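Dear colleague,

My notes on what was found in it follow.

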Amino acid sequence: MLSYTLRRLLVAVPVVIASTFIVFILVTLSGVPLANLKGRNPPPSAQVIAVEEQRLHLDQPVLQRYWTWITGVVQGDFGPSVRTNVDIGHEIVTRFGVTLRLIAFAVVLALLLAIVVGVVSAVNQYSGLDYGFTFAAFLFLSMPSFWFAVLLKQGGISLNNLVGEPVVYTIGEKSVVVEGGTWAHLVDAGSHLILPTISLALISFGAWSRFQRASMLDVLNSDYVLFARAKGLSRRRVVVKHALRTALIPMATITALDFAALISGAVITETVFQWRGLGDFLVTSVDQRDAYAVLAWLLVVAVAVIVFNLIADLLYALLDPRIRYE
Amino acid sequence: MSEHVDAVTGPAAPTAVSTGVRERSQRELVLRRFLRHKAAVISLVLFVAIVVLAFVGGALWRYDYADITPDASVPPSAEHPFGTDNLGHDTFAQVLRGTQRSIEIALLIAFLAGLFGTLWGAFSGYYRGLTDSVMMRIADLVLTLPLLAVAAVLTRATSGSWWFVALVIAALQWAYVSRVVRGVVLSLREKEYIEASRALGATDRWIIFRHLIPNALGPIIVNITILVAAAILVETALSFLGLGVQPPDTSLGLLVSEADTAVSTRPWLFYFPGAFIVLIALTINFIGDGLRDAFDPTQRKVRA
C-alpha cells in the first residue's frame, strides 16, 4: 500500500506540471499583462514600464518564464504579482485556510443530510417520502449555486431585520473588530459561517443523497442482508448494523472525489458572501490578469485534488477488505 | 443491447408473429419505457414548451430585449408580466432572450463535447494498448484543469461572445463523455458480433462507426443529457461572475448577476431569470433520468 501511494504521487508530478504549463500558456496568450499600467493617464514613462516588465520576468521568452516560475515554486517562491503589495505565497496560504474551513463544515453538513435522506429513501423505496426526497434532490441538483446563495443571503438579511440585531452575518468570514476573548471570536466566526456553509452544502447534497440511496438499495437487495433478516434480526438492526456500514463505503470515495467540485462551488459562495478566500483570490487575479497568482491558485487546487483522489482510493481499500493495491 | 435484439428479431421472429404477438423494435421498447416515467414525460413537455416560448414567443412578444420602454422599475403587470429594470427594459423579453442564449450555449456544448468525446472514447477503447494509454492520459489531464479557472481566463481575454463561451466549456467537458464511451466500448469490443464482423473482413472504421458507437448510444445519450444540464449551470455561473456572456448580449446568468443588488427592492428582476434556470436544469435532469431507465432497464428506478 505504501509503494502504491508513492507510485501514485510520483505519477501526479508530471500531471501537475503539464496542467500548470497549459494554464501558463493560456494566461500568457490571453492578454497584455501590463494593460492596466499602460492604460494609465498620464501614460507612465518607458523606463517605468521596462522596470515593471523586468520585475514580472516579461523580458524573458515565454518558455524561460515558465522555467523561472516552476524552479521558483520548488524553492517556495510563487513569483511576482502584478499587484506590488501582494505576496502570492503568503496570500494563498491564508486564503486556503479560509476556504478549507468553509468546505470542511459544508462537507460535514452535506454528508449528514445526504446519508440520512439517502437511507430513509432507500428503506422506504417508492413511498411518498422517497418521491419527495427524490424531487428535493433533483431540485438542489438543478439550482444554480449563485442564485441559491443570494436567496439565502436575502433570507439572512430579512431574519436580522426581523430580530432587530444581526443573528447571522451575510458579509465576510469574520468581523473587522471583535470585542472579547476566544469565545467571542468563535461565536463571531460561527455566525459568519452559517449561511455560506448551508449554501455550499446543499449543492453537494442533491447528488450525494441520490448516491447514498442507490448504494443503500444495492446493499438492501443483497443476499447477506436477506440472510440477516431470515435469521431473525430486527429490521432496525439489519439496516443500521449490517446494511448501512457497507453502503457507506462508496460514499467515502465520492466525497473525496467531489473535492474539485466543492472548490468551484466555493468560488461562487465566496463571491456572494464576500469572503476573502481562494475563490475571491482567483476572480481578482483573473480580473487583474495576474498570471502568477492564477498559476498559484491552480497549483494549490491541483495538488489538493490529487491528494483527495488518492485519499479516496486509499479509503476504499481501507474500508473494503476485498480491495488490495499492489 | 442490440445483439440481444438481433436474437429476438432473428430466428425467433416468425414464431412470435404466428402466435399473434407483434414484435417490438428496440426503439419502440425504449420509447415505451421512457413514456412510463411520468416525471420525465412531464419534464419533456415542459422543456419543449420553454424552448418554444423562448424562440417563438421571444420573436412575437411586443418588446425586444434591447427595447427601452418608458416604464422604469415597475413591478409585474399585464403590460410587463415580469416587470422592468431601472432602465425600462422589459424583463419578460430579457428572460426570453437569456433563455435562448443559455439553451443555445448548452446545446452547442453538448453537441461539440458529445461528438468529440464519443469519437475520442471509441477510438481509445477500440485500439487499447499504447493508443488507449496516451489518449486517456490526455483526457485525464483535461479533467484536472479546473473548468471555472480556465474558462475565466479564456473568456476574459476575448469579447465573451456566446459561441466562444460554449467552445471553451466544451473543450473542457468532452473528457467526461470520452471516459464513459471508452468504458462501454471496452466491453462491447469483446462481444461475438464484433468478432464475427471482423472475421467477415470489416475494417476498423466500419466496426467503430457501424457497431460500437450505435450500440453505445444509450449511455452516450444519457451522458449528453446530463451534460446539457451541467452546461446550463456552468454558463450561468460564469456569466454571474462576469466571465461569461458579456453585455449588450444577455444570458440568464448575466440577468441574475445584474439583479444581485436589487433582490430586496425589485425582486422580480432576480426571481424570474433564476426560476427559468432552475426549471430548465430540472426538466433536463428528469429527462436524463427517464432516458437512463429507458435505455438500461436493469437499473430501473421506476416500477415497470
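Setting aside residues up to four places away in sequence, Ala231(B) touches Ile105(B), Ala106(B), Ile109(B), Ala110(B) and Ile169(B).

**The contact between the chains**

Chain A contributes 35 residues to the contact and chain B contributes 33. On the side of chain A that touches chain B, at least two residues each come from helix 1 (2–29), helix 6 (128–142), helix 7 (145–163), helix 11 (259–273), helix 12 (278–287) and helix 13 (291–319) of chain A. Helix 1 of chain A gives the largest share of that side, 7 residues. What is the make-up by class of the side of chain A that touches chain B? It comprises 27 nonpolar and 8 polar residues, with no charged residues.

**Chain A**

Chain A has 13 helices and 0 strands. Its C-alpha atoms fill a box of roughly 85 × 60 × 40 Å along the principal axes. Of the 326 residues of chain A, 37% count as buried. Where contacts in chain A join residues at least 6 apart in sequence, 72% of them are between residues at least 24 apart.

Helix 4 of chain A (residues 62–74) was checked for its length. With 13 residues at 1.5 Å a residue, this helix should span 18 Å, and its end C-alpha atoms are 19 Å apart, which agrees. Just after helix 4 of chain A, Gly76(A) adopts a positive phi of about 90°.

**Pro219 of chain B**

Pro219(B) is found in helix 11 of chain B, which covers residues 217–240. Is this proline buried, partly exposed or exposed? Pro219(B) counts as partly exposed because it has 19 C-beta neighbours inside 10 Å, whereas a buried residue needs 20 or more. Leaving aside neighbours within four places in sequence, Pro219(B) is in contact with Val180(B) and Val184(B). Leu291(B) is 72 residues from Pro219(B) along the chain, and the C-alpha atoms of the two are separated by 9.1 Å.

**Confidence**

The model scores ipTM 0.79 and pTM 0.82. The average pLDDT of chain B is 81, and 89% of the residues score at least 70. Where pLDDT is low, the predicted coordinates should not be read in detail.

Yours sincerely

Definitions and conventions. Residues are numbered from 1 along each chain as its sequence is written. Chains are lettered from A and ligands numbered from 1 in the order in which they are written. This is a predicted model: local features need pLDDT of at least 70, side-chain atom pairs count only at pLDDT 80 or more; totals for chains, interfaces and linings use all residues. Two residues are in contact if their C-beta atoms, placed from the backbone, lie within 7 Å. Helices (H or I, at least four residues) and strands (E, at least two) are DSSP runs, numbered from the N terminus. Ala, Val, Leu, Ile, Met, Phe, Trp, Tyr, Cys and Pro count as nonpolar, Asp, Glu, Lys and Arg as charged, and the others, Gly among them, as polar. The expected span of a helix is 1.5 Å times one less than its number of residues. A residue is buried if 20 or more other C-beta atoms lie within 10 Å of its own, exposed if 12 or fewer, and partly exposed in between; C-beta atoms are placed from the backbone. pLDDT is the predictor's confidence in each residue, from 0 to 100.
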